Amino acid sequence: MTLNRRSFLKRAGAAGLYPALAPVAGFSQHATMGTTDYRALVCVFLFGGLDNHDLILPSDSAGYDQLVSARRSLLQLYGDRRARSALLELSPENGADFAARRFALPPEMPSVQALFNGGRLAVLGNVGPLIEVVDRRAFLSDAARLPPKLFSHNDQQSIWQSNSPEGATLGWGGLFTDLAAAGVASASRPFTAMTTAGNTTFLTGVATTPFAVGAGGASTIDYLDGLDMTDPLAPILRAHFRQSFGARPDLLERDVAGLMGRAFDANARYNGIYAQAPMLSTEFPLTGLGSQLRTVAEAIGLRDALGTARQVFFVGMSGFDTHSNQADALPALLAEIDDGLAAFSAAMQELGTDRQVTLFTASDFGRGLAANGDGTDHGWGGHQLVLGGDVLGGRLYGQFPETRFGHDHDAGQGRLIPAVSVDQYAEVLGRWFGLRRSELETVFPNLAGFPSDASLQFLSSSTSGSQARA
Amino acid sequence: MEYLSGQHVRSAFIAIAIAVSPAAQPIIFADGWECPAELSDTFSNAAATGRFLTQASFGPTPDDLATLPGTSSSAWFRSQLDASPSLTLPQVLSFRATLDQEADFVVLLELADHFAFWRNAFTADDQLRQRMAYALSQILVVSDAGGEVLSDIGESMAAWQDVLITHALGNYRDLLSDVTRSPAMGFYLTYMGNQRGDSVTGRLPDENYARELLQLFTIGLVQLNADGTVVRDSSGTPLETYTNADITGLARVFTGLDLDIGQGVDTAPDFTFREMSDAWSRPMQQIADRHSLLPKQFLGQEIPAGTSLNDSIEQALDIIFAHPNVGPFIGRQLIQRLVSSHPEPAYVGRVTAAFDAGSYRLPDGSTVGTGRRGDLAATVAAVLFDIDARTPSPGDGALSGKPREPVLRFTAWGRAFAVRNVRPEYVPMLWNMSEDGQLAQFPYRARSVFNFYRPGYVAPSTESGAAGLTVPEFQLATSTTVPGYANFMRRIVRVEKPEGEIEDLRFTFAAAGLSFDQGVYASSFIPDYAPLLALAGDGNALVDELARRLSAGRVSTPTRQTIVDALAVLDEDENERVIMAIWLFLTSPDFLVQR
């Protein structure tokens, strides 16, 4: 028996880590940013570990044959859905960089194909947690420093989100927000870091906690919410849950009352604004991801009323731990990503925020190239999608190792040793968001070991933005 | 109660304390630390009893409040030291014997360690030991939140709980020995299967446990005075306790430990699930040829080359344990878990003295503790009987008191209403409470080795935060968890069972080969509200009874008025009136802060 071969999402959710207070004194105070300068990052976290080998597939004949040879048993279970003729060809502007190699998406992703070929979406290949550059030789001889607990779900989720080799630091989305929220009014402060997938380390900063919203808005006291407005009990309960009484003599009781009141008011404020929001005409798919992305789009539509010039969102989707039954389970998930991203892109164009919002994916890890029968096992590096009007799309960034075993980024069984660190990925996003390299090196202590790489600049203003701020 | 001015903080408290206790200075005895002489040994009334048991147990029961007033607190403490430990692994194994012996990954068995925790918290007689074990579980953190082995094999976490329960009133040094050999810790901090370095391949020992052992379990990052304050150099910079070289040296110690089965955990496929499960409940084995025989240098000392694994572990723990930080580092956290979020340095200093002396003189003059440094019975006595713990301090949470963590709110409710027939396998609500819409906390399921919250957490945008006070529990308070707790507790108080639950349970029981008893399902985990129903017509009397049971008799005017006002507009249904009153009390700052 193999204990690791199970889906452990029964208690999933973002595994979080609360470390010692990170040093942030070095951060610059960002000037108040007008809403004309609005920018938002949307992290779509794919819990369980998306199979990179089933997201970007080789479609030239030699590459495709390699894939078939490595995964024959698994591909047979897909039937004709992984036939070479069924794959959706990518036409990267930088295709010449890859000589005769061609790449394609699975047939469940026609919208992602259109977004890519239309220049709105980019793919970053073989990104994952790294402390320092590692190759196969160093990995196999244990001669490099490696992130702890590789191939473990909760740890790799944490490391993706918190980027600490100790596995325990504040989330970089939260730290980004700490910086960006310096000029935001306190009533608007909760709305700078919003999650549709529960509490998450990613959005936990020194002064930032994630504000959770769902399809119906923010949290309420359900019983109070269900009362008729004329019920005499309603004002009594409202006063209780707001703790709108005089100051208590006890410090901790005052703080508890304050936390209750601020939570109640932030939730009520969000819900009040949300209730008056115009409906988006873009239709979102009726899926978990579709619903969450609609919630994010609605919040972005309310950005002026919410009073925030910078927002970071966290969206989560589960089910990617495809140790078994992959051919049945994964295509539906890929289709859910496909129509979710398409709707989100359309909504951003409807709102006129297309160039102000960048959506990016992340996942625990990629998966091994080797099939274990009807599924695949935990890997390390994987491929990620980046979507938005400022994305220099239609290009392949990073590295796409051949679909064979034993190349210099094979950690064994075709689990990819990342060629691009999460820090480098986040750096590009952070620069676009308005942060300096020096600030980013504070957020990501290992970033200093990875020089800025011009070939990874997948966002149009990230370079010019840093020049303007230099 | 009357409100004092909002400015009233420490100075007013000190004035009150002095007025009440003119001779508040404790006296040092050669054999330990004396409790303040003027404190009465007798539980003077139900409020004093409730206050003490809120700190020393999972919450006072109606029986405690009826029988303990007028008796000796020292006698209660000693009886708790003598109570036989309620272990969890035997409960798991006897439950296991009732299940289908052939099935792997039986959900009910995976959760049996948590079932045992709830049975102990709600019904065990050795409450002080159980509460201490739970406090220690938040310092020496192993969590099954990551899924995998620790959640799949209930025996692994049951054995881990038992390490803490066994040593909870023993000695911290002995505890560290068993912690180090625990397969749960070995897995959680990745030194299970750890091998000595190899100069040819460049392989180095895993440093994870060495680092957390120092950083979280024993001495912390910075040098401490005996009162827990930080030692600084002339420029004001805190002095660190160790460098990375110390970690590298210490990491050599923890090589060669592996699961006690075959040649270790990697040979697991050769064994049955049951054989594996049993191995996870035994200490790890020592595989001599995987142990580093190089010299191990750390903290200015050296374990010589050629020292065996077992000797290396014991010598390393002795060296670490000898560090003067251990007393204040662990003592302050125990105060935070039981009594106060931000104890005064002098209080920490008195607890350190008891930890170092290994003994403590109780209010009745008897002495507890073996006299050996690290004695946890003496340490917890010093935590609980200290004047800062015992002196009621109305109006000042900064010096005494803490927010109740969600798990302890829940257990306080259950014990206050004598919840009956605790059969967690029939109560799916008890299987996980980690989510935001639940308690946002679940025992032995912290998000990481850094626990549910950090001991040094200072909450942003709060008055305590502005004053620089540490309040760990506030790290769990968000705009989602605050209403989430209120919504969840309403369902708890009402004993609501979700639609379809019984069908799901029948299926789960069948998968485990366990027969489902609908009568047990209907009667499991039911609170006894009968005594309150008699008071349902009298709002003030009901509030008084809730305060007696839940907040050591304290209740503020706004909370009292809110409940009285709410009852005034509710109809005559006694059950609904009582439920509303309990719910409002459990969501009031009066209850949410323990003082």
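Buried means under 20% relative accessible area, exposed over 50% and partly exposed in between, with a 1.4 Å probe and protein chains only. This is a predicted model, where local features need pLDDT of at least 70, side-chain atom pairs count only at pLDDT 80 or more, and totals for chains, interfaces and linings use all residues. Residues are numbered from 1 along each chain as its sequence is written, chains are lettered from A and ligands numbered from 1 in the order in which they are written, and side-chain values use heavy atoms, with hydrogens and water left out.

**View 1. Gln80(B) is a buried residue in helix α4 of chain B.** The helix covers residues 73-82. Helices (H or I, at least four residues) and strands (E, at least two) are DSSP runs, numbered from the N terminus. Gln80(B) counts as buried because its relative accessible area is 6%. Contact means heavy atoms within 4.5 Å. Beyond four places in sequence, Gln80(B) meets Asp125(B), Asp126(B), Gln127(B), Leu128(B), Arg129(B) and Leu169(B).

**View 2. Ser59(A) sits in a loop of chain A.** The loop runs between β2 (57-58) and α1 (61-77). Ser59(A) is buried, at a relative accessible area of 6%. Its side chain makes a polar contact of 3.1 Å with the side chain of Glu89(A). The Ser59(A) side chain also reaches the backbone nitrogen of Phe103(A) at 3.5 Å. A polar contact is a pair of N or O atoms within 3.5 Å; within protein, one must be able to donate a hydrogen and the other to accept it, and residues adjacent in sequence count only if both atoms are side-chain atoms. Not counting residues up to four places away, Ser59(A) touches Arg84(A), Glu89(A), Arg102(A), Phe103(A) and Ala104(A).

**View 3. Strands β11 and β12 of chain A form a hairpin.** The strands, residues 367-371 and 376-378, run antiparallel and are joined by two bridges. Two strands pair if DSSP finds at least two bridges between them. Ala371(A) stands opposite Thr376(A). Four residues lie between the strands, and Gly373(A) in the turn has a positive phi of about 110°.

**View 4. Tyr172(B) and Trp413(B) touch the most other members of the largest nonpolar core.** This core has 190 residues. Helix α29 of chain B (residues 574-586) gives the largest share, nine residues. A nonpolar core is a set of buried Ala, Val, Leu, Ile, Met, Phe, Trp, Tyr and Cys residues joined through side-chain atoms within 4.5 Å. Beyond four places in sequence, the contacts of Tyr172(B) include Leu136(B), Phe217(B), Phe321(B), Phe355(B) and Leu376(B).

**View 5. Arg554(B) lies in a loop of chain B and contacts chain A.** The loop is between α27 (539-550) and α28 (557-569). Leaving aside neighbours within four places, Arg554(B) contacts Glu253(A), Ala547(B), Phe585(B), Asp590(B) and Arg595(B). The C-alpha atoms of Arg554(B) and Ala47(B) are 8.2 Å apart, although 507 residues separate them along the chain.

**View 6. Residues 1-37 of chain B have pLDDT under 50.** pLDDT is the predictor's confidence in each residue, from 0 to 100. The model has 61 contacts beyond four places in sequence for this stretch. Residues 394-398 of chain B also stay under 50. Chain B has a mean pLDDT of 90, with 92% of its residues at 70 or more. The model scores ipTM 0.91 and pTM 0.84.
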